[in-house]
Amino acid sequence: MAFLSDTLARVKPSPTIAVTTKAAELKAAGRDVIGLGAGEPDFDTPQNIKDAAKRAIDEGKTKYTAVDGIPELKKAICAKFERENGLKYAPNQITVGTGGKQILYNALIATCNPGDEVIIPAPYWVSYPDMVLLAGGTPVPVVATLENDFKITPAQLEAAITPKTKWFIFNSPSNPTGAGYSHDELKALTDVLMRHPQVWIMSDDMYEHLVFDDFTFVTPAQIEPGLYDRTLTCNGVSKAYAMTGWRIGYAGGPVELIKAMAKVQSQSTSNPCSVSQYAALEGLTGPQEFLTDNKVLFQRRRDLVVSMLNTCPGITCPKPEGAFYVYPDIAGCIGKTSAGGAHIVDDEAFATALLEETGVAVVFGAAFGLSPNFRVSYATSDEALREACTRIKTFCEGLK
Ligand code: PLP
């Protein structure tokens, strides 16, 4: 009898974590490595949030809390949804978990039965398909191409829906492409969803606050109130408030689903860290100016990276609407041989040779369901980005 479960055999470890670990190992061994793999802001959590956490510790708020969040935080989340998204939720429609990741996982575990299909636009965040598999469902990728700015069309969505479709996972701005759906683009998708009442919508709005130029963020339940009763609007403080390590995510949705998710959480992790909940409360209710400051900073970095990558032979890098990623196409590099003698058969070979020969760590496109590409996280200093792009250019110029 096998010791490890059949369920576990269906999933793979996170490739983004693998790249970050490999880059850290090379750095520890003395190599000059620039890591563009990690999906987290490179600056510290704001001081007012850290102070709120220290106060919570000093006041003894260090015990178990209500399983899916303290009432004060749920109230603050209701206010956030109303203020920023025009969505009205009551506190019993809110759940708080250990990061956005646990929220999505709870929802899938609470609802997926064998045979249930979950539509996932590709390129996708690496964890979606594996979470669906862990929950016993079947991931159904729908591939968005470079020609379509990495966004799926209403016709593609319509064609992917079957009587077995349980969820449509929507992520805008996207990890890994940064692509953001405009009001009209999203409305065209919600029109399709209105025709299929069996399909629920899981909107992962993690990068809501990182949008650039004149792009306006929108979320499905806001665009189409007719979908409110079958939409889970997911968000978290990790990316917006530079709080990745604190592990707080949340969602608003129909009471029955929220209760089911709390049941999963009550028998797995119980409440998210009490101190982190008080920190998140300060994040959502305290001063919000740094959200704007961060947008300016990230937009400058996006522009820098896009312009530099587009000077590399064989690379085409579209300019995305948000998040802190770009997803360049490297079709022009495939089939060539690097200066160090590596044969670039696919994007994994490209990323491996790039790391070994130049010390620049990126995540290869196959991990996100669209090749040949790689993902750059530009959540690092301008100086490091400039140096990394210069090395990528030299690498590409050396391809023969
Ligand atoms: N959703 C997306 C699209 C992400 O990129 C991430 C993190 O990388 C998450 C959810 C998970 O966020 P958290 O760190 O809060 O679990």
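I began with strand 3 (residues 117-122) and strand 4, and found that they pair in the parallel sense over six bridges; two strands count as paired if DSSP finds at least two bridges between them. Helices (H or I, at least four residues) and strands (E, at least two) are DSSP runs, numbered from the N terminus. In strand 4, I noted Thr-138 as the bridge partner of Glu-117.

Before going on, I wrote down that this is a predicted model, in which local features need pLDDT of at least 70, side-chain atom pairs count only at pLDDT 80 or more, and totals for chains, interfaces and linings use all residues. Residues are numbered from 1 along each chain as its sequence is written.

Next I looked up the sheet around these strands, an open sheet of seven strands in the order 2-8-7-6-5-3-4, with mixed pairing. Its edge strands are strand 2 and strand 4 (138-143), each of which pairs on one side only.

I then turned to the other open sheet, where three strands in the order 9-12-11 pair in the antiparallel sense. Strand 9 and strand 11 (363-364) are the edge strands here. Strand 11 is joined to strand 12 (residues 374-377) by two bridges, and I found Val-363 opposite Arg-375 in strand 12.

My next entry concerns helix 11: is it enclosed or open? Nine of its twelve residues are buried, so helix 11 is largely enclosed by the rest of the structure. A residue is buried if 20 or more other C-beta atoms lie within 10 Å of its own, exposed if 12 or fewer, and partly exposed in between, with C-beta atoms placed from the backbone. Among the buried residues I listed Tyr-278, Leu-281 and Glu-282, and what covers the buried residues includes helix 3 (47-58), helix 4 (71-85) and strand 2 (94-97).

Last, I looked up the domains, whose bounds come from an automatic or database domain assignment: domain 1 (6-44 + 290-397) and domain 2 (63-285). Their centres, taken over C-alpha atoms, are separated by 26 Å. I recorded that 34 residues of domain 1 are in contact with 31 residues of domain 2, contact requiring C-beta atoms, placed from the backbone, to lie within 7 Å. On the side of domain 1 that touches domain 2, helix 2 (15-28), helix 12 (289-309) and strand 9 (325-326) each supply at least two residues, and the largest share, five residues, comes from helix 12.

Technical notes:
Two residues are in contact if their C-beta atoms, placed from the backbone, lie within 7 Å.
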